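Here are my notes on this one, point by point. Have the model open while you read.

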Amino acid sequence: MAGSDFPAMNGEIILNKLASATVALPRRQRLQPSLNSNSLYLALKFPQKMAFIGVAALCLVGVAGCRRTHGPEVMATVNGKPIMRSEVEQLYQSNLGDSQQQPSKEQGDIVRLNVIRQLIDEEILMERAAKLNLTATDEDVENQINELKAPYTQEEFNKRLTDKHLTLDDLKRQIRRSKTEDKLLNKEINSKINITDADIAAYYNAHKAEFNLIEPMYHLAQIMVTSIPLPPQQQSINLQNSKATNDADAKKKIETLHNRLESGEDFGLLAQNFSERPDTSSNGGDMGFVPESQLHASPDVYNAIGKIKPGQITEIMPVFDNQHKQVGYQILKLIDKQAAGQRELNDPRVQQTIRGQLRDARSQLLRNAYLEMLRDEARVENFFAEEIFKNGAQ
């Protein structure tokens, strides 16, 4: 723990959640049905169906001759809808971020395969949502845009889009997909998950040791300001892109924030907008639970935390690096404190924790199964994967 000794870690704050690649899994192949002894009856009763089967049979004899041609800009199709190279490359660049080191061709192609798999899965889910009338509305999208724009001037917001290689239309499209997927999964999966008291008791009995704290734990949040310059590749540190440039600037900034906290402003919102520790600022400064032994490593912090109650904040405190050189200032908030000892099943916090873990695990399992079933019903062609395999086999 910085204090402290909190390391200033790199991290992107906003818009990143809109672009993430999933691990590609092989899709099961479905074979064309063969004709049986009922073929004559089927041909007489369903002539159009038999004509289709006949065409399919010819395609099995000469697949190359029956595959639909596609332009070089189409990297895959889902039920005939193309996935374009420009969209793949946009997400590819977003995955690379600000890294100065370019991947090898093989590494780059692995990322592109994952991006294409993500876009295939998204399109499958979007088509399913459209059938169920669950597509996100324009109002849903605009509300999210306004929420993202709120901390910025228009110029600052446009710069962040440029830094992410996005246009406003790109961002709207990604938001619509994200919100549509949430609507679909909430209806089809999450609404059907029921965690019973028996489920919670069974989990607790099987993992009872996990709820036995060997020492007191402190749930802390932090606002930190430093005069340390950002690494060249890091373009953001908080929602306001607010950064102190020298010690005097840092001290003035932390004093202003402390005054605003004492005036009743929300700690989490101020941390998101102004804290200079990017790995926690996006979460409102939340550091999670810190064991008491870790606090003892910084006596000043331990003493300051010991003087306040849950919900209260400390005075302004110095931040030191690993050589115990002061590099900035911080304000800590005590969110909660848990004494050492066994947490019992009737503790509401234990039940809430278990319920959340069980719900998340079941949701992920059902989502994976649901997506597999939808994939089986979809007609997917991944031309980029075929090209890689063909070139690799030469």
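**Notes on a helix pair and some salt bridges**

1. H10 and H11 run roughly antiparallel to each other (that label is for angles over 145 degrees; under 35 is roughly parallel, 65 to 115 roughly perpendicular, the rest oblique). The axes of H10 (residues 247-262) and H11 (residues 267-274) come within 10 Å and cross at roughly 160 degrees. Axes here are lines fitted to C-alpha atoms, for helices over the stretch in contact, with angles from 0 to 180 degrees between N-to-C directions. Helices (H or I, at least four residues) and strands (E, at least two) are DSSP runs numbered from the N terminus.

2. Before going on, a caveat: this is a predicted model, where local features need pLDDT of at least 70 and side-chain atom pairs count only at pLDDT 80 or more, while totals for chains, interfaces and linings use all residues. Residues are numbered from 1 along each chain as its sequence is written, and side-chain values use heavy atoms, with hydrogens and water left out.

3. Which residues make the contact between H10 and H11? From H10 they are Lys253, Leu257, Arg260 and Leu261, and from H11 Phe267, Leu270 and Phe274 (contact means heavy atoms within 4.5 Å). That set splits into 5 nonpolar, no polar and 2 charged residues.

4. On to salt bridges (a side-chain nitrogen of Lys or Arg within 4 Å of a carboxyl oxygen of Asp or Glu): the count comes to 23. One of them is Lys243 with Glu276, whose closest N and O atoms are 2.9 Å apart. The pair ties together distant parts of the chain, 33 residues apart: Lys243 sits in the loop between strand E4 (217-226) and H10, Glu276 in the loop between H11 and helix H12 (278-281).

5. Last one: Arg349 pairs with Asp336 in a salt bridge, closest N and O atoms 3.3 Å apart. Arg349 belongs to helix H15 (residues 348-377) and Asp336 to strand E7 (residues 326-338). At 36% relative accessibility, Arg349 counts as partly exposed.

Conventions. Nonpolar A, V, L, I, M, F, W, Y, C, P; charged D, E, K, R; others polar. Buried < 20%, exposed > 50% of the residue type's maximum accessible area, 1.4 Å probe, protein only.
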